[in-house]
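These are my notebook entries on one structure.

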There are 2 protein chains.
Amino acid sequence: MSRLRVDWRAATSLVGTVIKYLSVPLLVPLIVALRYGEGIAEFLVTIAVVVAIGTALERLDPDPDLGAREGFLMVALTWLLVPVVSTLPYLIAGNGIPFVLAPYEPASTLGNPVNALFETMSGFTTTGATVVGEISFERHSHAILMWRQLTQWLGGMGIVVLAVAILPELSVGGAQLMDAEAPGPGIEKLTPRIAETARALWIAYAGFTVLLFVLLYGLHWAGILLDVPLAPNMGLYNAIAHPFTTLPTGGFSPEARSIEAFSAAVQWVIIPFMVVAGTNFALLWRAMTDEPGALFEDGEFRFYLGIMAALTALVAGLLVTGAGTEAVTEAVGPLAGQGEAALRHATFQVVSIVTTTGYASMDFNAWSGAAQYLLLFAMFVGGSAGSTGGAIKIVRWLVILKSIRRELFTTVHPEAVRPVRLGGRALDERALRGIYAFTLLYIAIFLVATVVVLVDATRVFDNLSAFDAMSAVAATLGNVGPGFGVVGPMNSYLDFPATSKLFMVFLMWIGRLEIFPVLVLLTKAYWSS
Amino acid sequence: MSRLRVDWRAATSLVGTVIKYLSVPLLVPLIVALRYGEGIAEFLVTIAVVVAIGTALERLDPDPDLGAREGFLMVALTWLLVPVVSTLPYLIAGNGIPFVLAPYEPASTLGNPVNALFETMSGFTTTGATVVGEISFERHSHAILMWRQLTQWLGGMGIVVLAVAILPELSVGGAQLMDAEAPGPGIEKLTPRIAETARALWIAYAGFTVLLFVLLYGLHWAGILLDVPLAPNMGLYNAIAHPFTTLPTGGFSPEARSIEAFSAAVQWVIIPFMVVAGTNFALLWRAMTDEPGALFEDGEFRFYLGIMAALTALVAGLLVTGAGTEAVTEAVGPLAGQGEAALRHATFQVVSIVTTTGYASMDFNAWSGAAQYLLLFAMFVGGSAGSTGGAIKIVRWLVILKSIRRELFTTVHPEAVRPVRLGGRALDERALRGIYAFTLLYIAIFLVATVVVLVDATRVFDNLSAFDAMSAVAATLGNVGPGFGVVGPMNSYLDFPATSKLFMVFLMWIGRLEIFPVLVLLTKAYWSS
Ligand SMILES: [K+]
Ligand SMILES: [K+]
């Protein structure tokens, strides 16, 4: 019937299955709403809609059979359509249903469809950039904010599968690095293996989520029992909400001032979990199940820790000597000479940005140019391959540095043939080429996207500084979340024009999917022959 | 005698020859000094010193025979030692000679050795970043400023030879792109060809210099004869000085306010010469001698013009609508609604930065964030391979874009083998790898160097903004010259601490030599085996 080589029905059918199963996690905010006596209509309607749409899409191909090409389409569509249908709770809460239901949250900025899509895309891509504006329970129900947290946790689950099981099969953007032994022509043959890998990693993902909950809530109760303010405001809701956005390196928080709202103890507890979230989950699984030494034998993991340690040392040095801050913030007070506080905020912020979590332990807009630049730099580093972290990713930088060393060697010895080695094995030149291409494409998109945002946003902002715009693009494309200036950690993306917001939705989308799966859809070669 | 495989004596001997011949161009400022009745001791002493040092170095190896390894050393040493000895006129003018000569220019900032080296390195690398501070004939003689101009013109001559004849033989950093037909194992075999090529290109280089002089000085006299202010201040001195810094994409000017000091007519005349200076001289030569059509058939040249046209259109649009300026400058007045002025400043500034000339037709520090960002973006584009322009260079971007397209294709068709083509022929995968490695190394050095400058400069500046520091690094590493803020086109690098200045000397040096020839000297492989 169709002359296309791509079986779009099969791909869309599988997206339908994913959408249908959204009805299960939608029960979480529903329960929260019941618990707090809040409106539940938005969730009931959404559950009905996702089941209906999902089932309808599944009918397109009752027995879908995916090849590599369909894989690209399915991945791209999933991360587009899931955020689209997930706007429904926001839209209904903000606008009600004509003739049926008055809006629960008339002051919500998420009643606007562009804002709602920005927020769900930011959620499912685990970016954490927000357009909520004023975050408070006066404006939003506990249930709606829990849904916002949950989009990130679900997005993180998707990313773990994507990164560890799907992208490697599509041989995209260097993701094949992680498992060069089993490249396959299509996805369908490997379904059992995917399912098995995914299950293992989800156990790890969910396990760390629960562990963080236990620690945070335990800290809260320990403080109460000992009568010490260890974590006074880390009640049940917050203790559930934050693990939901830590493990996916998401960064949404129901607190307007992010992690600044919590005690030093809470901040120290969250740091190692961000580190875990930015680590290759397959590696973590291996280290936990049979090879405890695997972690520190891994070159990528060592490089990851090393970069964070170096950046932390620099930032902490700046902060503690007083060269790191332009202004003393009211909430945190002075950092100069304050060893623990300087080290804590430096560590927290560097780890938060390198792992692309995007939490803030203080308003780093008050930091000096040098300290801010170190964070911008960190935005391009990114988490490990196979983690929920975004951006360019540490393993690519490692391979690039190794290949530059090789290039220096072959400049002197033009006759030498010397493969780049990673984890003891020689890297295929084609994989290397893919890493180079991805990294440069990422940088090129960053450079050009900043032009687009700056030119478009001049219609709204009197003068958006180039640095702030660069940070906004780096933070959305890299799925980091907050940037500097107007998009600082205590501010929001709300004031950007709708065109800029839609453009950033696009950036979050392609950034999360490692660009190529989306970009190939725009080529003629993909659709024909 | 030596166990080293590198014949450092041969390399140093050739550097000695270059230094010895510096005595010839030193006659130019000497003549200027005589013409203006200024001191000549600094030039006489320098001539004596370069002849002495040059002759001494030549003695190391009376019959030098260079291989590829010695080529790297010779290139790196030349661009280091020539600037070092060329500081002498500045040092003597600023400090005099103890017990012999009182300083001619006691207020000169160039009496400081670090400043002097910064200025000569900026000259010979055709960067145009300055630490003179207050540029005026009250502080500096016509002769000293002419020497400053001349360092750029000489540096440009060196770069033409380096880019067209030497780097390709060393197979460095993608420079081999320009002439893949004749890769050779060493330099010595190709000396006749180098000499021949160099002679042709120097004729072109000198020819365009003279042509620009004729046009500028002609404009001056036409204005006088017609009694119209066409170029009132483009007297003989300025009409000689500016061609000396245009053709090498240098950007030094004896006018404190750069090209803002001149009429619109002069600005329009200079623009096409900056375009020429950023064009592959070998291509220009071919177009002028036997194939007039070669220019526009060349993919790199078309891409070069296309990028400049696109950036100009964007900047002009911003300026003419008023979205491009934060403040109206006194010297230029408002640009909103001023079609010709907006187009002229947009064209001038974009061409000046893309070609890495660094002239300013106005203080673009007054531009908006969007317009400034477009210039920062332009700093990474760079001139054509085989031109005097610096930075990453247009041909690399072209190849990278083509290879990303290829990568998209092979993502869909993993079985396909598809070379990247440039100018009708397939590019060797190894050359492609070199281009990738160079570009990413350039970006990595830029990112890390900005950290160094920001951290180091906090000792002097209250708060150096990250954007200004990024521009300073991009402008020195890319041999552009001016940046933004404290290093804006009407300001200078004077206020940076000496350590930052020396670091920038290093950046100008490695940037000009396309990084690899310097970096290989730091590898063990270069010196041993
Ligand atoms: K994030
Ligand atoms: K320059």
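Entry 1: I looked up the salt bridges first, and the count between chain A and chain B is four. A salt bridge here is a side-chain nitrogen of Lys or Arg within 4 Å of a carboxyl oxygen of Asp or Glu. One of them joins the side chains of A:R433 and B:E429, at 3.8 Å from N to O.

**Entry 2: basis of the values.** I note that this is a predicted model, in which local features need pLDDT of at least 70 and side-chain atom pairs count only at pLDDT 80 or more, while totals for chains, interfaces and linings use all residues. Residues are numbered from 1 along each chain as its sequence is written, chains are lettered from A and ligands numbered from 1 in the order in which they are written, and side-chain values use heavy atoms, with hydrogens and water left out.

**Entry 3: extent of the interface.** Which residues meet? The contact (heavy atoms within 4.5 Å) takes 57 residues from chain A and 56 residues from chain B. The buried area is about 4,900 Å², and carbon and sulfur atoms give 76% of it. This is the accessible area (1.4 Å probe) that two parts lose on being put together, summed over both. In chain A, the residues that lose the most area to chain B are A:Y373, A:R433 and A:L440, together 14% of what that side buries.

**Entry 4: symmetry.** I recorded that a rotation of 180 degrees, with 0.0 Å of shift along its axis, superposes chain A on chain B with RMSD 0.0 Å. The superposition is by least squares on the C-alpha atoms of residues with pLDDT of at least 70 in both copies. The two copies are therefore related as by a two-fold rotation axis. The same surface serves both, as 98% of the contact residues of chain A recur in chain B.

**Entry 5: potassium.** Which residues coordinate the potassium ion (ligand 2)? I listed B:T126, B:T127, B:T249, B:G250, B:T356, B:T357, B:N479 and B:V480, each through O, at 2.5 to 2.9 Å. Donors are N, O and S atoms within 2.8 Å of the metal (3.2 Å for Na, K and Ca); water is not among the atoms, so sites may look incomplete.
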